[in-house]
Amino acid sequence: MALTEIRPYAPDHRDAVLDLVLRAWQDIMPRTRDAVPGFVYDNFYPEGWQARQRRDVAALLEDDPAAAWVALKDDLPVGILCLRAHPEDRMGEIHLLAVDPAHQRQGIGTALMARAEEILRDLGLQMVMVETLGDSGHAPARKTYEGQGFKPWPVARYFKKL
């Protein structure tokens, strides 16, 4: 089954996109939980990661639907891309990139990243950034980004329980 198209997000994609994002993170988040201090994870996800992820992605889609694109196969969303522009840094950001696990390793993520670069270049931006975590669950994402020519900028983020 070939990728039919990448097109702008539409509100009728909302439920399918939210469901695919949860499926995309279902194998990642248990590893993330094991990799961070418990109090950090519990503060970020007091109702569970699914509730937080669904709420955050829904807000992202509602706040700036024009910055989102969906990959479709047979008119069904199988991937989502959300962008942010940071003109002060001449930079665009891939804020969200997710591909349904049943459709991964078929070039959909690569096609969404290529579309992101095209859009951001057309906005006159000079670079693109994507952020992910350093735990084992996010290792495939890091490998994908590095394979697409992204260079890491190591960041240390520290937390202390109050």
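Which residue stands opposite Val128 in E5? It's Gly92. Keep in mind that this is a predicted model.

Strand E4 and strand E5, residues 127–130, are joined over 4 bridges. To get from E4 to E5, the chain passes through helix H5, residues 108–122. This β-α-β crossover is right-handed.

Now the other partner of E4. E3 and E4 pair in the antiparallel sense, over 8 bridges. Here Gly79 faces Val99 in E4. The hairpin of E3 and E4 has 4 residues between the strands. In that hairpin, Arg90 takes a positive phi near 55°.

How covered is E4? Mostly: 8 of its 9 residues are buried. Take Met91, which lies in this strand. Its relative accessible area is 12%, and under 20% counts as buried, so Met91 is buried. Beyond its close sequence neighbours, Met91 contacts Arg84, Ala85, His86, Leu125, Met127 and Met129.

On to helix H4, residues 49–63. Its 15 residues should span 21 Å at 1.5 Å a residue, and the end C-alpha atoms are 21 Å apart, so the two agree. The buried residues of H4 are Trp49, Gln53, Val57, Ala58, Leu60 and Leu61. Seen down the axis, they fall within an arc of 160°, so they line one face of the helix. An α-helix has 3.6 residues a turn, so residues three or four places apart point the same way. On the other side of H4, Glu62 and Asp63 are exposed.

What covers the buried residues of H4? The cover includes helices H1, H2 and H3, plus strands E2, E3 and E4. And that brings us back to E4.

How values were computed: Residues are numbered from 1 along each chain as its sequence is written. This is a predicted model: local features need pLDDT of at least 70, side-chain atom pairs count only at pLDDT 80 or more; totals for chains, interfaces and linings use all residues. Side-chain values use heavy atoms; hydrogens and water are left out. Helices (H or I, at least four residues) and strands (E, at least two) are DSSP runs, numbered from the N terminus. Buried means under 20% relative accessible area, exposed over 50%, partly exposed in between (1.4 Å probe, protein chains only). Contact means heavy atoms within 4.5 Å. The expected span of a helix is 1.5 Å times one less than its number of residues. The arc is that of the directions from the helix axis to the C-beta atoms. Two strands pair if DSSP finds at least two bridges between them. A crossover is right-handed if, with the strands pointing away from the viewer, the path from the first strand over the helix to the second runs clockwise.
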